[in-house]
Amino acid sequence: MRRACAEADQKSFPDLVAELAGALRHVVFADSVVYAYEKRERLLALLEQHVNENLVKIGPHFYRQRVGIPQGSSLSTILCCFYLAELERTKLAFVRDRGCALLRYVDDTLFVTTSKSRARRFFDVMNEGHPEFGCFIALEKSLVNFDLPNSRSLGDFVARIHGREFPWCAFVLDPKTLSVRAEFERYSGLCQ
């Protein structure tokens, strides 16, 4: 793990040791650290290169990615968190109400509540889409554990989980007890 900070915020070695000593045991601190300094211009150039210079190989051919940020890069995860945090702040403030919990792993979201009206509201807000955030739900991946009509399509319902287990991001949740366990079943037989 490395720390990064502006040069003006760099702590002296004794101050850094005092901060770390409260959490660490059985260690020796030695002031032989060489600090790496990066100029703002260099960081911005690296960022621009990461966004604009991504090559994708398909067969024997290379293609320059022209739209978006390379999926799987740490930058795409960080920017996704910034965007979706702003979406939550501006469009989904009600999810912070008592009796609600919003879990998000990058762009996979789970809304837990005891209120059907809040669950319906969450679905409706997400289902309307938010192009300013590049945010649209994949209805075919959406699941609920009660009957929920799709407000955008008459007569259609959102896919419902019947039973006690609710899958989410390689976990299985029990909606009654809120117990969580890893979902290993889908991976059985893959590693031999």
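Analyst: Two strands count as paired if DSSP finds at least two bridges between them. The model is a predicted one.

User: Which residue in E6 is the bridge partner of Pro167?

Analyst: E5 and strand E6 (residues 171–173) run antiparallel and are joined by three bridges. In E6, the partner of Pro167 is Val172.

User: Which residues have the most contacts inside the largest nonpolar core?

Analyst: This core has 13 residues. Helix H3 (74–91) and helix H4 (116–127) are the elements that give two or more residues to it. Another core, of six residues, lies apart from it and includes Ala119, Val144, Phe146 and Val158. In the largest core, the residues with the most contacts are Leu92, Phe94 and Phe122.

User: Is Phe94 buried or exposed?

Analyst: Leaving aside neighbours within four places in sequence, Phe94 is in contact with Cys100, Phe111, Arg118, Arg121, Phe122 and Val125. The cut-off for buried is under 20% relative accessible area. Phe94 has 6% relative accessibility, so Phe94 counts as buried.

User: How are the rings of Phe94 and Phe111 arranged, stacked or edge-to-face?

Analyst: The whole structure holds two aromatic pairs. In the pair of Phe94 and Phe111, the ring centres are 6.3 Å apart and the planes stand at 80°. Phe94 lies in the loop between H3 and strand E3 (100–105) and Phe111 in strand E4 (residues 108–113), so the pair ties together parts 17 residues apart in sequence. Planes over 60 degrees apart count as edge-to-face, and because the angle here is 80°, this pair is edge-to-face.

User: What is the angle between the planes of Phe111 and Phe122?

Analyst: Phe111 is buried, with a relative accessible area of 14%, and Phe122 counts as buried at 11% relative accessibility. Their pair links distant parts of the chain, with Phe111 in strand E4 and Phe122 in helix H4, 11 residues apart. The rings are stacked, 4.7 Å centre to centre, and the angle between the planes is 25°.

Definitions and conventions. Residues are numbered from 1 along each chain as its sequence is written. This is a predicted model: local features need pLDDT of at least 70, side-chain atom pairs count only at pLDDT 80 or more; totals for chains, interfaces and linings use all residues. Side-chain values use heavy atoms; hydrogens and water are left out. A nonpolar core is a set of buried Ala, Val, Leu, Ile, Met, Phe, Trp, Tyr and Cys residues joined through side-chain atoms within 4.5 Å. Buried means under 20% relative accessible area, exposed over 50%, partly exposed in between (1.4 Å probe, protein chains only). Helices (H or I, at least four residues) and strands (E, at least two) are DSSP runs, numbered from the N terminus. Contact means heavy atoms within 4.5 Å. Rings of Phe, Tyr and Trp (its six-membered ring) pair if their centres lie within 6.5 Å; planes under 30 degrees apart count as stacked, over 60 as edge-to-face and the rest as tilted.
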